[in-house]
Amino acid sequence: MDLQLKGKNAIVTGGSKGIGRSIALNLAEEGVNVAICARGKDDLKKTEKELLKKGVKVIALTCDIGNTEQLDDFLENVKSQFGTVDILVNNVSALSLGDDYDDWETSINVDLLGSVRATRKVIPWMQEAGSGNLLFISSGSGLEAGSPPAYAAVKAALISYSKTIAIQLAPNNIRVNTLAPGSVEFPDGLWEFTKTQNPAFYDKILHTIPSGRLGTPDEIGKVAAFIVSPCASWVVGTCLAVDGGQHKANL
């Protein structure tokens, strides 16, 4: 299926590994020029090489999303090189899973405010261009109780924020949506670590998933590429669970 994305320009924050990497790769597969950022240089350079093999333009820069100045410099750099920003995927997460004040401050500053700052930066560019797509990567943890408090709270806040600005920006031909991935396993990720260090908890979570397995980053990446494409042009203000049936509430 041709998603009609060839030649578009996209930014994926936290795009060096896991879900962010897979979103970037799936967009590049569709002919999208991709800019990614992350704090770790090694994973960033590795993913940059994978993206370049897709034959698209690639920008890969180190950036701490929680640092306003670094984030602003990164976004300005992308705009300068690409000319336009058609897609912004707010994927970055500090993955702060405790309940101390530091966990709250980190989660709010990186997951929530980092995404808000990036969004507010690119909206005028998209308005000037006459169109755009904003995608927030939340979590199933933002849909129901039971997850680490700070992490869950900011993921829920992202859903609320995205729905609000979706209504505001729809008249400007800017679509805003959210994905809420379930438990996703990949090398060096949280669930691979849990599988080896706390197998009882891993099995407990596994048994909550009707599909009988954890997800893969590529399964999230493919949905992300679709939802920011013209093929999903009537999808506005949606929070879509991608989780193998893990989230079971009516809403």
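This is a predicted model: local features need pLDDT of at least 70, side-chain atom pairs count only at pLDDT 80 or more; totals for chains, interfaces and linings use all residues.
Two residues are said to be in contact when heavy atoms of theirs lie within 4.5 Å.

**Overall form**

The chain contains 8 helices and 7 strands. Its radius of gyration is 17 Å, close to the 18 Å that the globule rule gives for 251 residues, so the chain is as compact as a globular protein of that length. Of the 251 residues, 49% are buried. The accessible surface of the chain comes to about 12,100 Å², and carbon and sulfur atoms account for 51% of this area. Among contacts between residues at least 6 apart in sequence, 71% join residues at least 24 apart.

**Helix H1**

Helix H1 covers residues 18-29 and has 12 residues. From its first C-alpha to its last, H1 reaches 17 Å, close to the 16 Å expected at 1.5 Å a residue. The helix is mostly covered, with 10 of its 12 residues buried. Among these buried residues are Gly18, Ile19, Gly20, Leu25 and Asn26. After H1 comes Gly31, which has a positive phi near 90 degrees.

**Ala180 and its surroundings**

Ala180 belongs to strand E6, which runs over residues 174-181. Its relative accessible area is 0%, and buried means under 20%, so Ala180 counts as buried. Apart from neighbours within four places in sequence, Ala180 is in contact with Ser138, Ser139, Gly140 and Leu143, and also with Cys239, Leu240, Ala241 and Val242. Leu51 is 129 residues from Ala180 in sequence, and their C-alpha atoms are 25 Å apart in space.

Most residues other than glycine have a negative phi. Gln4 has a positive value, and Leu95 likewise has a positive phi although it is not a glycine. Gln4 is found in the segment before strand E1 (9-13), whereas Leu95 lies in the loop between strand E4 (87-90) and helix H4 (101-129). The table sets out their values.

| Residue | Phi | Relative accessibility |
|---|---|---|
| Gln4 | near 60 degrees | Gln4: 48%, partly exposed |
| Leu95 | about 50 degrees | Leu95: 40%, partly exposed |

How values were computed
Residues are numbered from 1 along each chain as its sequence is written. Side-chain values use heavy atoms; hydrogens and water are left out. Helices (H or I, at least four residues) and strands (E, at least two) are DSSP runs, numbered from the N terminus. The radius of gyration is taken over C-alpha atoms; the globule rule is 2.2 Å times the number of residues to the power 0.38. Buried means under 20% relative accessible area, exposed over 50%, partly exposed in between (1.4 Å probe, protein chains only). Accessible areas come from the Shrake-Rupley method with a 1.4 Å probe; for residues, only the protein chains shown count as cover. The expected span of a helix is 1.5 Å times one less than its number of residues.
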